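Please look over the sequence and the structure below before reading on. The report that follows takes up side-chain pairs, a sheet and a metal site in turn.

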Amino acid sequence: MNSMRLPMIMTRAFSSAALCAVLTLAAALPEQAQAHAVVTESSLRTTPIPVGKATEVILYFNSGIELALSRVYLVSAGDVYQPVEINNGKKPGEMLIHLPALAEGDYAIKYKVFAADGHLTEDVLRFHVAPKR
Ligand SMILES: [Cu+2]
């Protein structure tokens, strides 16, 4: 990561100015923002999961993801893991997670996602399923 190969054709003055700009930018961005797949937004925040109805959750990652190498599990009470189907969303970095119909209760989505750069990210998103009020 962060390889900074500058074309040899550049003049010395220009290349040092460009290098300086690149170094400044690299210092300003956290390492994770350029590399590993991190969830930046999730439909869980905006759209509650209804009781007894199969739904889709969308996770928005900061980088492209390798779907074939990624795994997502629904975790139910008692630490029961169930693999769930995933698909690409409309844009790179969007992942659709297909959840079965769920009873009221506490759940989590456990994901292991490979970013386009080959790095693995694991995390857990907890959520609650409750009847509409
Ligand atoms: Cu990475």
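## Salt bridges

Glutamate 41 is partly exposed, its relative accessible area being 31%, where buried means under 20% relative accessible area, exposed means over 50%, and partly exposed lies in between, with a 1.4 Å probe and protein chains only. The model is a predicted one, in which local features need pLDDT of at least 70 and side-chain atom pairs count only at pLDDT 80 or more, while totals for chains, interfaces and linings use all residues. Residues are numbered from 1 along each chain as its sequence is written, and side-chain values use heavy atoms, with hydrogens and water left out.

The structure holds two salt bridges, a term that here stands for a side-chain nitrogen of Lys or Arg within 4 Å of a carboxyl oxygen of Asp or Glu. In one of them, the side chain of glutamate 41 meets that of arginine 45, at 3.3 Å from N to O; arginine 45 counts as exposed, with 65% relative accessibility.

A salt bridge also links glutamate 122 to lysine 110, with the closest N and O atoms 3.3 Å apart. Because glutamate 122 belongs to strand β8 (residues 120-129) and lysine 110 to strand β7 (residues 105-115), this pair ties together parts that are twelve residues apart in sequence; strands are DSSP runs of E with at least two residues, numbered from the N terminus. Glutamate 122 counts as partly exposed at 45% relative accessibility, whereas lysine 110, at 17%, counts as buried.

## The open sheet

An open sheet is formed by four strands in the order β1-β2-β6-β5, with antiparallel pairing; two strands are taken to pair if DSSP finds at least two bridges between them. Since β1 (39-42) and β5 (86-88) stand at the edges with a single partner strand each, one side of each is left without a neighbour in the sheet. From one strand to the next, the twist averages 30 degrees, as given by lines fitted to C-alpha atoms, with angles that run from 0 to 180 degrees between N-to-C directions.

Strand β1 is joined to strand β2 (residues 55-61) by three bridges, and the two run antiparallel. Valine 39 has phenylalanine 61 in β2 as its bridge partner.

## The copper site

Asp117 (OD) and His119 (ND1) coordinate the copper ion at 2.1 to 2.2 Å. Donors are N, O and S atoms within 2.8 Å of the metal (3.2 Å for Na, K and Ca), and water is not among the atoms, so sites may look incomplete. Aspartate 117 counts as partly exposed at 34% relative accessibility, and histidine 119 also counts as partly exposed, at 27%.
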